[in-house]
Every structure is written in structure tokens, then in C-alpha cells.
Amino acid sequence: MSFWTNIKSKFNTTEKQDAVIYHIDSLVNDDGKMSVKGWIFSTQMDLKQIQIILSQPQREQVIEVPLTFRKDIVDVFSLSVGTKTAFEFTLAYESADTTDVFLQYAKEAGKERKLLCTLSKQEQCKETWFYPRVGQSYEEDGVEYNVDTISQVGNRLYIRGWIFSHKQSIDKVRLVVNSLHYEDSVGLKLVQRTDVANSHNLSDPYCGFSQEVEFSTNEYACVFLEYTQGEQKNRVFITDVNANTKEAGICIQKRKDYSYNKFVEKFVETYTENICIPQDAFVDLIVPVYNGYEFLENMFAGIEKTAVPYKLYVVNDCSPDERVLPYLSEYAKSRENVVLLENEENLGFVQSVNRALAQTSHHVVLVNTDVMLPDQWLERLMLPIWNSDEVASTTPFTNSGTICSFPNFCENNHIFMDKSESEIDRYFRMVQPHYVEMPTGVGFCMGMNRKVIDEIGNLDADTFYKGYGEENDWCQRAIRAGYHNVQVENLFVWHKHGGSFLSEDKKRYIERNSAILEKRYPTYKKDVDIYCAMDPNCQVREYVKMRMIQDNVEQFIVVLDHDWGGGAGKYMENRIQSMLDHNTAVMRIVDNADVGLQMVVYYDEYEATFRVDQLEDTCSILTGHQVQQVMINELVAYEHIAQVQQFIIGLKKNFKTEITMLCHDFYPVCPSIYLLNDQQKHCFLPANLEECEKCYHNNTNKMNLEYDSIASWRSIWAEFLSQCDHVITFSENTKSYYEQCYPDIHYEVVPHQVDYIEPVEKIDKTSDLITIGYVGNMMPSKGSEILIRMAELIEEQGLNARIVVIGPNLSTSANEHLLIHGKYSRDELPELMKEYQVDIVFIASIWPETFSYTTEEAIKMGMKVAAFDLGAPAERLKKYDKGIIIPEISAEAALDTLLNNA
């Protein structure tokens with residue numbers, strides 16, 4: 001690939017320098033003619049005189065760069081509408097031995113320039129380096145593709161998008177990382193994307209892909225999307241990545257995520273614990289002690305829970321607690337294998353350990369005083385070292401041990417479900433250990449290989465004299481010497497954490513020693529970040545949580561849901577919290593477009609997540625328990641809806657429970673969900689089925705493509721709804737729509753409750769500008785086109801008014817009279833109403849919303865609220881003394897009504 005010689009710097013990566021954010025989409029060099037495309041802005045200062053500088057040994061060429069408007073940048077970064085950020089130009093220049101290309105901008109403090117790349121004379125080739133714009137679709141030889149998002153965090157690369165062809169089916173899709181000398185790839189599983197299938201009239205909705213991988217490369221590399229059609233392989237360029245390792249070659253790693261049943265089959269059911277203790281096994285244990293009297297009895301009792309011969313070195317580091325020394329002396333006198341070492345002065349943790357290490361001659365284990373150890377702890381901890389000379393250190397799971405923490409990764413946790421260490425350890429012992437490599441061991445309970453100690457030495461007491469970082473340093477030295485550190489997944493040890501050190505001391509040591517580690521081992525922090533990002537033992541933790549919750553609850557409520565957020569998501573989030581408050585366990589099943597079916601089990605403050613291959617696999621958790629009820633919050637994301645319905649009915653029969661159907665939208669009525677017809681207007685649910693059938697075949701909003709007619713769609717839903725014990729709507733209006741299609745069903749109307757919003761005090765106006773407030777995501781079904789047209793009317797008529805969107809702009813157009821606030825939290829709404837001096841709130845939805853939280857929030861704040869005569873919002877506004885109904889669904893009628901009532 002000759003274009004490798006064309007570019008030597010990184011593009012398609014957003015850079016931030018001194019509050020200035022800039023991005024180069026593409027740079028094309030063609031024999032003395034250069035094209036540059038990108039964008040730049042700052043939210044904290046005015047940028048003036050944007051320039052491209054071509055700097056050569058004897059001269060500089062300065063090119064003024066005019067900025068233009070780019071809507072996608074304004075939307076993504078929530079900039080003021082009309083902000084100019086983009087540049088794109090082509091220029092001719094004389095080639096030289098070297099040409100430095102700079103981006104220069106002027107600010108109050110002077111001019112700043114950023115080097116984009118360096119071109120040399122022999123590198124003036126004619127290849128084009130093109131960066132596809134994220135979110136824009138492309139076509140090559142009949143194949144259409146789009147990258148929705150691609151992001152790189154450290155060594156992780158995440159990509160999501162779609163690809164299809166009308167001419168010939170695509171058999172395989174791969175993500176390829178390719179450099180000048182090396183290449184590696186990983187397969188991408190095609191998943192269902194009904195939005196793409198609808199908009200492109202595809203019969204097969206399996207055209208999407210989503211993947212997160214870890215990669216390493218020792219040189220600049222390209223990322224390609226490779227697709228196969230028959231025998232033909234083709235590649236499209238996606239982005240580029242920089243070198244992130246010194247090791248030669250390219251390697252792509254993907255964390256192996258098993259479904260629940262596959263994990264159980266591979267690591268639990270086929271695993272039989274077999275601990276073979278070598279005949280000459282002997283271990284030296286080291287326990288440095290500084291106070292912590294309250295921990296000593298349990299710690300020593302735990303140490304003795306092993307059949308491995310050991311010698312215990314207890315180092316009393318001049319503990320001021322007068323109870324400690326007598327206790328240690330008595331313990332040592334009563335046991336022949338215990339040696340008590342007394343420091344005449346306080347030496348600190350590391351020197352105390354090294355004093356004991358000097359007397360050892362076997363493998364070593366460091367044990368903190370504030371731990372509790374289960375049966376056969378030493379056998380399991382040392383097994384990897386006995387089995388491999390290449391293992392430097394071993395560390396078990398614990399409740400408080402950073403990258404070895406359970407249940408929450410990298411946190412100091414309370415003991416899970418208030419169980420003992422032995423009870424929790426019993427579940428970890430079920431899992432076959434695979435001894436995942438870690439960038440460091442953790443010193444609360446860490447095995448150390450004698451061979452490695454002899455080769456690289458003891459802990460660095462001169463540098464880490466009071467502790468923290470000493471085991472990290474030792475483990476990094478071991479890695480440099482060719483060894484590795486592993487986690488022992490089938491062992492859990494309780495750790496109080498901080499029992500021997502004062503918190504203020506520890507904070508000081510952490511700050512100092514972290515800086516030393518980063519300087520000594522430049523890649524250490526990155527290695528830890530990568531490990532944390534990949535979290536290779538995540539599924540072990542999730543399995544133990546899942547099993548412990550399963551064994552400690554009697555009944556579940558099962559919820560089928562999506563994970564799209566919105567009002568339905570907000571409702572179920574509150575319902576689940578209410579269930580947990582009443583000591584009820586919840587299993588939430590979602591069909592995620594990226595990973596497939598997932599079950600999330602909640603109990604008390606805990607949750608456990610696992611992917612499942614099919615819905616029936618969730619019964620492996622439910623079996624033996626009472627299912628209190630099955631709640632259907634949303635089924636719109638699920639594939640093969642009839643099979644899902646049969647699964648739900650099966651739960652009802654097998655567990656003798658009830659089904660509650662929650663009608664957050666109109667999916668059972670029409671798979672377009674919002675009752676918007678093929679003209680993107682509310683259909684008012686025609687009584688004539690022929691009219692529905694015509695719309696059904698032309699409608700691109702359908703979220704399910706399995707059924708060839710609206711009649712067959714409603715037939716399966718009529719049967720299913722008849723099996724439901726409760727069908728709940730959140731307004732009388734929604735109930736009336738459902739009754740038109742399913743008159744034989746009994747409906748219950750239960751409006752949502754909004755009790756978290758405070759009334760807005762009097763808004764003090766500072767001008768006669770009329771402000772129309774819109775709350776929520778700005779999207780077509782929510783009336784974005786109406787809002788955009790209203791803003792145009794304000795401009796055309798010279799009106800003293802504006803529209804403030806409190807929420808993200810998901811629309812395709814913008815206007816300078818639309819002020820986009822961006823994301824918000826619900827408790828911010830009253831203050832935002834005052835900040836923007838909102839006169840009236842506009843509910844712009846063009847479909848009959850089934851409830852509308854934003855309507856109720858505006859009512860609770862005491863605002864004037866206007867909406868079209870549709871759905872639940874209109875139903876409630878007709879009963880609200882500050883409610884206004886707009887008689888016609890149009891921007892003209894809306895603007896006129898709003899201005900007259902503001």
C-alpha cells in the first residue's frame with residue numbers, strides 16, 4: 001500500500017490544547033497540491049485568523065482559512081446554533097526537502113500553532129488519504145456502509161455501524177488492523193438493525209455490527225472494514241491508529257464473553273478441584289504487624305487453615321498498642337513454626353517485610369494482619385507457582401484489593417450480602433481458575449516465587465519505605481525479567497483494608513509513590529488502564545454474584561425490557577428500585593442490539609449481568625424459585641416476537657404467575673410504534689383496515705419486519721394480550737386507541753406519578769423577548785421539524801421570540817433562533833426555566849404520547865404548557881388551568897398560539 005509513505009501524523013483524532021478543540025478529517029497530498037479538511041472551535045475564547053502554515057527551510061507560506069458552519073459539530077458539542085467551525089480548501093505549493101504543515105490560530109494571548117504533519121520530497125506521492133466521516137454512509141461497488149461511531153481509548157478500539165448490498169449478500173465482515181509490516185483481524189458478528197433495514201428497504205435486517213477489541217501495534221497502522229461476497233474480499237478504510245507498544249507485530253485481543261450457560265458448562269460443570277501439593281512443598285509466610293490487635297486472632301486462625309507445611313515470620317514493627325506484643329509473644333511460644341521478629345524502632349512495612357525475607361529460603365506469601373482466610377487458602381494460592389516457574393506472584397479475589405476486588409471491580413467493597421469469607425469463597429471454589437495475567441499483584445495476600453526473589457531481589461525499601469507501591473514495583477521488575485503475575489480466581493480472602501495504616505499517611509504515600517512508579521515504568525499506568533478496560537475476570541465476578549443472589553432469595557419478579565432509556569426506561573428504573581426497597585429480587589431481560597440477550601439480576605444494592613443465548617436459558621436461575629409476576633415494559637427491541645410471547649406465556653404456566661403488560665407505546669397496535677404513517681404524520685388509527693395495510697407496506701418506521709400484513713401482526717398480539725392478567729395504560733387516550741384494535745381486553749389506567757419537581761418561583765423577565773421552552777430530545781416524532789419551521793418563521797417575520805431546547809438536538813437541521821442547551825438532569829429543570837426566562841413550555845410531539853413525563857414536569861413546575869390535541873399531554877392539559885391546546889398540527893398554528901398565550 002503506497003499511501004503508507006504519505007502521512008506521518010495522526011488524523012481523525014480530536015485534539016484539545018488550551019481549551020481549543022480541533023480535528024483533521026483528511027489531508028490529501030498530490031504532487032504539490034494539498035487539500036485539508038477539518039474543524040476547530042473553543043468554548044472559552046474567540047478564535048481569530050485561522051491559518052494553515054507551510055514551513056520549509058527557507059520560507060513559509062501562510063494561507064488564510066475561512067470557517068463555515070457544520071451542523072454535526074454544533075450538535076455534538078452543543079455549540080450555539082450558527083457557530084462556524086469547519087474549514088476545507090485546496091492549495092498549491094512548491095515541494096522542498098521537508099515541509100512542516102501547521103494549523104495556526106490567534107487568541108488574546110497571541111498566536112498558537114500545532115504541527116499536523118511533516119512531508120519530505122520523496123514522499124510527495126499521488127495517493128489519497130481519505131477519512132470517512134462518522135455517521136455518514138458511503139457506497140462502493142454496490143456495497144453501502146456506515147460507521148456510526150468509532151473510538152479509541154488507550155489500547156481499546158470500539159466500532160459500531162452497518163453494511164449491506166442490494167446486489168450480492170455479504171457473507172463475512174472483519175475488522176482489520178494493518179501496518180506496513182504486519183496485520184491482524186477479528187470477525188464482526190452481524191446483528192439486527194431494523195432502522196437501517198427500514199430506511200433502505202432491506203428484507204434482511206442483519207446488517208449491523210458492533211465490536212470492542214484490544215489491540216497492540218509497534219507502528220502506525222490503518223483500520224479497515226473487510227467484507228466478503230462469495231470468493232471476493234474487499235476492504236474500506238475506516239481510521240488510523242498510532243503505535244502503542246514496543247513489541248514487534250500487531251495483535252488484536254477480544255475478551256471472551258461467554259453466555260451464562262456456556263460459562264457454567266466450561267468453567268463450573270466440567271471442573272473438579274484437584275490440588276496436588278508437591279512432596280517438598282514448604283512456604284515461608286510473612287506477616288508485618290503494626291497495631292491492628294483486633295484483627296490478629298482471626299488472621300492467625302485463618303493462616304492455620306492449610307495442610308501445606310509453612311514457617312511463619314511475624315514482624316512486630318514497634319506497635320505502640322501495648323496489647324500487641326504480649327499476644328504475639330504468646331502465639332509464637334506456643335507454635336514451633338512461628339518466628340517473632342521485633343523491630344527496636346518503627347521501620348515501616350517494607351523494611352519489616354525485607355527483614356523477614358532475608359531469613360526465608362522457600363516460596364513466600366505476604367499476609368496483611370487485616371485479612372480472614374478460608375480453608376485450603378495456601379494450597380490454592382501457591383498452586384500456579386508450584387506448576388510454573390514463570391509465575392512471579394499470585395493474588396486471590398477479595399472485597400478490597402483494587403483490580404482483584406469483588407463484587408465491584410477496583411473498589412473498596414463491603415462484604416457481599418454480609419456473608420462470611422468462607423461462604424463467599426465456597427462460590428469462587430466452584431469456578432475453574434484460568435490464572436489471568438495482571439500488570440501487578442496486590443500485597444494484602446500475595447504469593448511470591450522464590451526463584452524470582454533470588455533473581456530480582458527483595459522489595460525496594462529505600463524508595464517505598466512506608467509502603468504502597470512496593471509490590472507494584474516488585475511485580476513490574478518481575479515482568480521485565482520475563483515473568484508474569486496472575487490472579488487466582490478460585491480463592492476469596494476478606495480484607496479490611498487500611499487496618500494497619502493511617503488514612504492521611506496513606507494518601508501521602510500514594511501520591512508520592514505513584515509518581516515514582518510512572519517514572520520507572522512508563523507503560524505501567526497504560527498497562528493497568530488496559531487491564532481495567534478489558535476486565536478479563538468480569539464474568540467470574542458476575543457468576544459468583546448471580547449464584548449467590550440465586551441461592552439467597554426465594555422469589556423473583558421478571559421484567560422484559562429494552563435499554564433505550566426514555567420515559568419507559570425511567571418508569572422501570574423507578575419500579576425496580578421500589579421492588580428492591582421491598583426486599584424483592586428482580587430479573588430484567590433485555591435484547592441489546594450490540595451484545596444480544598442479557599439478563600440482569602437485582603437484589604438489595606447488588607446486580608449481576610450475563611448474556612444468554614436464548615430466553616429459556618434464564619430459567620436456569622429462576623428454577624426452584626417463585627416468580628411473583630412477569631412484567632412487560634417493552635418488547636420493541638426483541639427479535640422473533642411470537643417466540644418471545646410464547647416464552648412469556650410459558651413462564652406464566654410453569655411458574656403459575658401473572659403477566660402484566662405495560663403500554664408505553666403503540667407497538668402492539670402497529671410496529672411503527674408511534675402511529676406515524678408513511679407520510680410521517682399521525683394516522684389517527686383508521687377504522688378501514690385496508691388503509692392500514694397500505695400504510696404498513698410503505699411505512700419505513702416499522703421496528704419489526706417479520707410479518708407481511710398489519711392483520712397478521714395484530715392477530716399474534718390479540719392472542720398474547722388475551723393471556724395477560726393486567727394490561728395497563730397510562731392515560732385514557734391510550735386506552736381508547738388500544739380498544740379500537742383489541743376491544744375484548746380489560747384495561748387498567750394508571751398514570752405515572754411525578755413527585756420530584758419543585759414549583760418554579762416567579763420568573764423575573766429582563767426583556768420583552770418571548771422564550772418558548774422545549775424539554776427533551778429534539779427528534780422527528782417529538783416535533784423537531786415543527787420547531788425548526790417555527791424558528792424559520794420567527795426569522796422571516798422578524799419576531800421578538802426564541803426557542804430554547806433543554807435537551808440534546810437529534811434533528812437534521814438547525815436555525816440560529818433555536819438555542820440548544822443540551823443534556824440536563826431533572827432536578828435542574830426549575831432553575832433552567834428561570835435561567836432562560838421561559839414564558840411557555842411547548843410539547844411539540846406529533847404522535848399521541850402515552851403519558852409524557854415532560855408534560856407532567858412542566859405542570860408540576862406551574863408553567864404555562866401548550867400541546868397539539870393529541871394523546872396523554874392534551875388529555876391532561878385540558879384539565880390544567882394553564883394548559884393550552886393548539887388546534888392544528890402545524891408550525892404556523894403552534895407559533896401563533898404560543899405567542900398569543902405566552
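Strand S31, residues 596-603, is largely enclosed by the rest of the structure, because 7 of its 8 residues are buried. Buried here means under 20% relative accessible area. Keep in mind that this is a predicted model. Let's look at the strands on either side in the pairing, and then at the nonpolar cores.

**Pairing with S30**
- Strand S30 covers residues 585-592 and runs antiparallel to S31, with 7 bridges joining the two.
- To go from S30 to S31, the chain passes through a hairpin of 3 residues.

**Pairing with S32**
- S31 also pairs with strand S32 (residues 606-611), again antiparallel, and here 6 bridges join them.
- A pair to look for on this side is Val600 and its bridge partner in S32, Thr609.
- The hairpin of S31 and S32 has 2 residues between the strands, and in it Asp604 takes a positive phi near 55°.

**A general point about strands**
- In a regular strand, side chains alternate between the two faces of the sheet.

**Nonpolar cores**
- The largest nonpolar core has 114 residues, and the members that touch the most others are Ile648, Trp717, Met790 and Phe842.
- Which residues does Met790 contact, leaving aside its neighbours within four places in sequence? They are Ile772, Ile803, Phe842, Ala891, Ala894, Leu895 and Leu898.
- There is also a second, separate core of 43 residues, and among its members are Ala332, Trp377, Met382 and Ile385.

Notes:
Residues numbered from 1 in each chain as written. Predicted model: local features only at pLDDT ≥ 70, side-chain atom pairs only at ≥ 80, totals over all residues. Heavy atoms only, no water. Buried < 20%, exposed > 50% of the residue type's maximum accessible area, 1.4 Å probe, protein only. Helix = DSSP H or I, 4+ residues; strand = E, 2+ residues; numbered from the N terminus. Pairing = 2+ DSSP bridges. Core = buried A, V, L, I, M, F, W, Y, C linked by side-chain atoms within 4.5 Å. Contact = heavy atoms within 4.5 Å.
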